[in-house]
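Take a moment with the sequence and the 3D view. Then follow the chain from its overall form down to single residues.

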Amino acid sequence: TSTSIVVALVSAGQLQVRPAVPIIMGANIGTTVTNTIVSMGHAGDRLELERAFAGATVHDMFNLMSVGLLFPIEELFHPI
């Protein structure tokens with residue numbers, strides 16, 4: 001939801017692209033907590049919990065690594 005709002009603000013000219021990038025990346029990191037909490041909802045069934053937690057962990061690592069790689073590039077070189 002917050003990413004959609006930021007994109008709408010940028011398209012309306014109310015927010016510049018440069019300050020929008022860290023906001024969107026922060027929202028991306030914020031989802032890592034949410035999906036881990038949701039995966040714990042499968043605690044009643046061990047197999048489902050393992051699969052849900054594994055999926056959440058893959059999602060977390062993708063988000064963290066993409067922000068860890070792209071944010072420094074954005075801050076150092078400002079390609080956008």
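This is a predicted model: local features need pLDDT of at least 70, side-chain atom pairs count only at pLDDT 80 or more; totals for chains, interfaces and linings use all residues.

Residues are numbered from 1 along each chain as its sequence is written, and side-chain values use heavy atoms, with hydrogens and water left out.

Start with the whole chain. The protein chain holds 3 helices and 0 strands. Helices (H or I, at least four residues) and strands (E, at least two) are DSSP runs, numbered from the N terminus. Read from the N terminus, the order of elements is α-α-α.

How many Å is the radius of gyration of the protein chain? The value is 16 Å, whereas a compact globule of 80 residues would have one near 12 Å. This radius is taken over C-alpha atoms, and the globule rule is 2.2 Å times the number of residues to the power 0.38. The C-alpha atoms fill a box of roughly 50 × 25 × 10 Å along the principal axes.

Now look at burial. Of the 80 residues in the protein chain, 18% are buried. Buried means under 20% relative accessible area, exposed means over 50%, and partly exposed lies in between (1.4 Å probe, protein chains only). Contacts come next. Contact means heavy atoms within 4.5 Å. Among contacts in the protein chain with a separation of 6 or more, 49% join residues 24 or more positions apart.

Turn to helix α2. Helix α2 covers residues 17-39. Its 23 residues should span 33 Å at 1.5 Å a residue, and its end C-alpha atoms are 33 Å apart, so the two values agree. The expected span of a helix is 1.5 Å times one less than its number of residues. Which residues of α2 are buried? They are Ala20, Val21, Met25, Ala27, Thr32, Asn35 and Ser39. Their cover includes α1 (2-11) and α3.

Helix α3 covers residues 46-77. Its 32 residues should span 46 Å, and the C-alpha atoms at its ends are 46 Å apart, so expectation and model agree again. The buried residues of α3 are Ala56, Asp60, Asn63, Ser66, Val67 and Glu74. These buried residues pack against α2. After α3 comes His78, whose phi is positive, near 50°.

Asn28 sits in helix α2. Asn28 counts as partly exposed because its relative accessibility is 24%. Beyond residues up to four places away in sequence, Asn28 touches Asn63, Ser66 and Val67. Asn28 and Pro72 are 44 residues apart in sequence, and their C-alpha atoms are 15 Å apart in space.

Ser66 belongs to helix α3. Is Ser66 buried or exposed? Ser66 is buried, because its relative accessible area is 17%. Residues up to four places away aside, Ser66 touches Asn28 and Phe71. The Ser66 side chain also reaches the backbone oxygen of Asn63 at 3.0 Å.

Asp60 is another residue of α3. Setting aside neighbours within four places in sequence, Asp60 is in contact with Thr32, Asn35 and Thr36. Asp60 is buried yet has no salt bridge. A salt bridge is a side-chain nitrogen of Lys or Arg within 4 Å of a carboxyl oxygen of Asp or Glu. The nearest side chain of opposite charge to Asp60 is Arg51, 18 Å away. Here Lys and Arg count as positive and Asp and Glu as negative, while His and the chain ends are not counted.

A search of the whole structure finds 1 salt bridge. The side chains of Arg46 and Glu50 meet in it, at 3.3 Å from N to O. Arg46 and Glu50 are separated by about one helical turn, because they are 4 residues apart in helix α3. Arg46 is exposed, at 65% relative accessibility. Glu50 is partly exposed, with a relative accessible area of 42%.

End with Leu49. Leu49 also lies in helix α3. Leu49 is partly exposed, at 24% relative accessibility. Leu49 and Ser39 are 10 residues apart along the chain, and their C-alpha atoms are separated by 6.6 Å. Neighbours within four places in sequence aside, Leu49 is in contact with Ser39, Met40, His42 and Ala43.

Technical notes:
A polar contact is a pair of N or O atoms within 3.5 Å; within protein, one must be able to donate a hydrogen and the other to accept it, and residues adjacent in sequence count only if both atoms are side-chain atoms.
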